[in-house]
Amino acid sequence: MARLCARLSRLIPAAIVSPSQAAIMLHRSIGYAGHFELIPNGYDFTALRPDTAAGATFRISTGVPATARVIGHLGRADPLKDHPSLLEAFAILAIDRPNVWLLMAGAGLERGESYFDELLDGHPFANRIVGVGRRDDIRAVMNAMDVFVLSSAGEAFPNVVAEAMACAVPCVVTDVGDAALILDGTGWVVPPLAPETLAQALGTAIDEPASERARRGETARTSVLGRFGLDHMVSRYRTLWHQIARARAKASLGT
């Protein structure tokens, strides 16, 4: 299907829209041609915002202590998310941090799911790892975290990073797809498939004084608000459609 679409890309579309520079490069490498337009995803920042009360309530509902320092992850059960490296990194940093917990959300990440149960089997700190499965209350989930982690081995444009930043949660991300671009220098970027390095960055992030972590989170929120607003995305699409319409009208008049 990808090869067929690559061939058709030379004939049919006036433009190919991608939210990710990394995805554009990947598609060009497999033969896609024509005009690519980079339009990053946009977000409803009235829904994605800091909400201390929602975060505290969510912690209580999941059994995470109110005083815990929480590293959070949101991503479905999928090999590309590299959950084994995340669990290994957590095992490293949790040794001398008895108050640090790992909160994992996403389809397949809950007790009773074979994928999740196998991840936790034999883990030395399984009692401090909570899986809540698929959730629709993303604002509450993000606000229950002190630090967000993206552990993926591969991504294009990981929306979860922008969502965490919008909720003023500092992030540690692997250097995949456009993750570092989204982060914009507000957090930590580490190589993928490197659990020890991931553990070091997570340790640095979770050990920051609360006041510094709060300032970092606010800087992250300001960054995404300025670049990824829903209105900005809509405006970019509207401009592109108008450009195409004008070009085709001009071409029609010329013939």
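Which residues does Ala2 touch, not counting residues up to four places away in sequence? I found Ile30 and Tyr32, where contact means heavy atoms within 4.5 Å.

Basis of the entries. I worked on a predicted model, in which local features need pLDDT of at least 70 and side-chain atom pairs count only at pLDDT 80 or more, while totals for chains, interfaces and linings use all residues. Residues are numbered from 1 along each chain as its sequence is written, and side-chain values use heavy atoms, with hydrogens and water left out.

Entry on Ala2. I placed Ala2 in helix H1 (residues 2-8); helices (H or I, at least four residues) and strands (E, at least two) are DSSP runs, numbered from the N terminus. Its C-alpha atom is separated by 8.1 Å from that of Ile30, 28 residues apart along the chain. I noted Ala2 as partly exposed, at a relative accessible area of 41%; buried means under 20%, exposed over 50% and partly exposed in between (1.4 Å probe, protein chains only).

Entry on the sheet. I traced an open sheet of six strands in the order S5-S4-S3-S6-S7-S8, with parallel pairing. Strands S5 (129-131) and S8 (188-190) are its edges, and each pairs on one side only. Two strands pair if DSSP finds at least two bridges between them; S4 (residues 100-105) and S5 have three bridges in the parallel sense. I recorded Ile129 in S5 as the bridge partner of Leu102.

Entry on Asp82. I located Asp82 in the loop between strand S3 (69-74) and helix H4 (83-93). Asp82 is buried yet has no salt bridge, a term for a side-chain nitrogen of Lys or Arg within 4 Å of a carboxyl oxygen of Asp or Glu. The nearest side chain of opposite charge, Lys81, is 12 Å away; Lys and Arg count as positive and Asp and Glu as negative, while His and the chain ends are not counted. Leaving aside neighbours within four places in sequence, I listed Ser151, Ser152, Ala153 and Leu193 as contacts of Asp82.

Entry on salt bridges. I counted 10 salt bridges. Glu155 forms one with Lys81, the closest N and O atoms being 2.7 Å apart. This pair links distant parts of the chain, 74 residues apart: Glu155 lies in the loop between strand S6 (147-150) and helix H7 (159-166), Lys81 in the loop between S3 and H4. Glu155 is partly exposed at 23% relative accessibility, whereas Lys81 is buried at 11%.
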